[in-house]
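Visitor: I'm new to this one. Could you show me how to read the spaces inside a protein?
Guide: Happy to. Let's have a look together.

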Amino acid sequence: MRRYLVAGNWKMNTTRETGVALAKAVAEGSTSANGKIDVLICPPFPYLIPVSDAVRGSHVQVGAQNACAEAPGAFTGEVAMDMLLDLGCPWVVLGHSERRHVFGESDETINRKVLAALEKGLQPILCVGELLEERQENQTEQVLDRQMAGGLAGVSTEQMSRVVIAYEPVWAIGTGLTASPEQANSAHAHLRKWLESHYNPEVANALRILYGGSVKANNAASLLAQPHVDGALVGGASLKAGDFLPIIEAGVQATK
Ligand code: PGA
């Protein structure tokens with residue numbers, strides 16, 4: 001049985017004060033998730049410490065939204081994996097579509113980050129997903145294959161136990177257009193088949209594949225009910241406890 005993971009990606013939002021308040025509200029409002037599903041929040045870098053402090057001792061975990069593949073050194077403006085480890089921040093989102101399409105990260109760059117995260121003992125959430133025109137041209141599976149092969153190059157079977165994949169169709173991110181539960185499930189099933197052929201059935205069966213792209217309280221249950229959907233990576237709806245808590249609860253209910 002794969003354990004659900006509901007993750008909130010705050011992107012470049014909140015202040016220290018509103019972020020800490022949101023983190024506390026998530027921890028206090030989602031105690032039904034404790035021991036049942038994994039709950040993760042990913043604040044901007046400057047708020048990793050106060051947000052980690054705010055949820056310490058609770059079931060809520062904290063992750064970063066990105067990090068640098070290089071070891072600490074002369075890389076102005078970057079944050080090393082070692083620094084996340086130092087903070088006790090076990091998760092890092094890598095290859096998010098905004099990193100790919102706004103900041104021009106290639107599969108090769110993302111792969112170096114994935115390998116660096118795994119080498120440090122962190123748990124990467126590797127995001128993959130097609131553009132609207134790629135879907136319209138029936139290229140979705142090819143794009144996913146390329147991003148999986150590129151992002152996971154050199155990752156060992158043993159390391160795969162710490163990897164989570166997030167399928168986030170770019171056309172569904174922040175647009176209000178959600179993939180239908182069937183579209184999500186079919187892309188996830190394809191990803192699982194890829195994992196089976198490039199690793200083995202055990203890896204494919206154990207690895208969690210999250211769906212992301214306009215997940216809201218009113219569509220979370222139907223997405224999470226799909227057999228290959230093991231959680232959600234939530235952007236906009238993770239910024240208000242009142243929006244995020246029902247998504248966590250949908251994961252708790254789907255666990256039964
Ligand atoms: P959204 O973002 O939920 O606002 O569509 C998802 C994401 O970018 O991870």
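Guide: Start with the largest cavity, whose lining is made of G95, H96, S97, R100, H101, C127, V128, G129, E168 and V170. A cavity is a set of points, on a 1 Å grid over the protein atoms alone, where a 1.4 Å probe fits but cannot get out; a pocket is an open set with protein on both sides within 12 Å along at least five of seven lines, and lining residues have an atom within 4 Å of a point. Bear in mind that this is a predicted model, where local features need pLDDT of at least 70 and side-chain atom pairs pLDDT 80 or more, while totals for chains, interfaces and linings use all residues. Numbering runs from 1 along each chain as its sequence is written, and side-chain values use heavy atoms, without hydrogens or water.

Visitor: How much space lies in the largest cavity?
Guide: A volume is the space filled by probe spheres set on the points, which are joined across faces, edges and corners. Here that comes to about 40 Å³.

Visitor: Which element gives the most to that lining?
Guide: Helices (H or I, at least four residues) and strands (E, at least two) are DSSP runs, numbered from the N terminus. α4 (97-101) and β5 (123-128) each supply at least two lining residues, and α4 gives the most, with three.

Visitor: And where does the ligand sit?
Guide: A molecule sits in a pocket if more than half of its atoms lie within 2 Å of the grid points. The ligand's place is the second largest pocket, with a volume of about 180 Å³. Of its 19 lining residues, K11, G174, S214, G235 and G236 lie nearest the centre.

Visitor: How many residues surround the ligand?
Guide: Near means having a heavy atom within 4 Å. There are 13 such residues, and K11, H96, E168, G174 and S214 are the closest. H96 and E168 also line the largest cavity.

Visitor: What about the largest pocket?
Guide: That one holds about 390 Å³ of space. It has 15 lining residues, with K11, M12, Q65, R99 and F103 closest to its centre.
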